[in-house]
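Please keep the sequence and the coordinates at hand while reading.

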Amino acid sequence: MSQGQLKPIKINRLDHFVITVKDLDTTVDFYTRVLGMKVNTFAGGRKSLHFGRQKINIHVQGSEFEPKAIWPTPGSTDVCFITPTQLDDVVAHLNECEVEILEGPVARTGATGPINSVYFRDPDHNLIEVANYEAEVEPSSSSESSEENRSQW
């Protein structure tokens, strides 16, 4: 087939991405405690973080799994996670976890329209954005108990 006759590849969704970190335990603690992700151990002791139908594979700097990015570097990721949680509750949780907020809540543009975002960094200084689409926001948890509030993370 000539190049003009080829059909482009169709991508449906993101399955996983990889972050390179300095300290595995510190990273796992942050993403499970602050963002409520679940940790999984697989393939000879490798670790991944799970949320929704996606995952983050973790590579420790200097012990990366092949094949890998050409220059795997801690702190080079900039990622946005969508949450149904009210951003006021996100901010309160980040404050409780002693995570410094860099910016937000602020209006931004997401993949499918306007979002509201809060920015902060993980232990390797990756930029983390937690955002929501207004139509997908759940009622505020301010009337829920602290234990129930933590369970959504």
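This is a predicted model: local features need pLDDT of at least 70, side-chain atom pairs count only at pLDDT 80 or more; totals for chains, interfaces and linings use all residues.

**Backbone geometry**

- Most peptide bonds are trans, and most residues other than glycine have a negative phi.
- Alanine 43, a residue other than glycine, has a positive phi near 35 degrees and is found in the loop between β2 and β3.
- Because its relative accessibility is 56%, alanine 43 counts as exposed, the cut-off for that class being over 50%.
- Glutamate 98, likewise a residue other than glycine, has a positive phi, near 60 degrees, and its place is in the loop between α2 (87-96) and β6.
- Glutamate 98 has a relative accessibility of 75% and therefore counts as exposed.

**The open sheet and its helix**

- An open sheet is formed by 4 strands in the order β1-β4-β3-β2, and the pairing within this sheet is mixed.
- The edges of the sheet are taken by β1 (16-21) and β2, each of which has a single partner strand, so that one side of each is left without a neighbour in the sheet.
- From one strand to the next, the twist averages 30 degrees.
- Helix α1, which covers residues 24-33, packs on the sheet and touches β1, β2, β3 and β4 (54-60); the direction of α1 makes about 160 degrees with that of β4.

- Strands of a sheet pair through backbone hydrogen bonds, in either a parallel or an antiparallel manner.
- Strand β2 (residues 38-42) runs antiparallel to strand β3 (residues 46-51), and 5 bridges join the two.
- Lysine 38 stands opposite histidine 50 of β3, while threonine 41 has lysine 47, also in β3, as its bridge partner.
- The two strands form a hairpin with 3 residues between them, and the turn includes alanine 43 with its positive phi of about 35 degrees.

**The largest pocket**

- Rolling a probe the size of a water molecule over the atoms shows where empty space is left.
- The volume of the largest pocket is about 690 Å³, and its lining is made up of 30 residues.
- Phe51, Gln54, Phe81, Ile82 and Thr83 are the lining residues that lie nearest the centre of this pocket.
- At least two residues of the lining are supplied by each of β3, β5 (78-82), β6 (101-110) and β8 (127-132), and the largest share, 4 residues, comes from β5.
- By residue class, the lining of the largest pocket divides into 15 nonpolar, 10 polar and 5 charged residues.

Methods
Residues are numbered from 1 along each chain as its sequence is written. Side-chain values use heavy atoms; hydrogens and water are left out. Two strands pair if DSSP finds at least two bridges between them. On a 1 Å grid over the protein atoms alone, a cavity is a set of points where a 1.4 Å probe fits but cannot get out, and a pocket is an open set with protein on both sides within 12 Å along at least five of seven lines; lining residues have an atom within 4 Å of a point. Grid points are joined across faces, edges and corners, and a volume is the space filled by probe spheres set on the points. Ala, Val, Leu, Ile, Met, Phe, Trp, Tyr, Cys and Pro count as nonpolar, Asp, Glu, Lys and Arg as charged, and the others, Gly among them, as polar. Axes are lines fitted to C-alpha atoms, for helices over the stretch in contact, and angles run from 0 to 180 degrees between N-to-C directions. Contact means heavy atoms within 4.5 Å. Buried means under 20% relative accessible area, exposed over 50%, partly exposed in between (1.4 Å probe, protein chains only).
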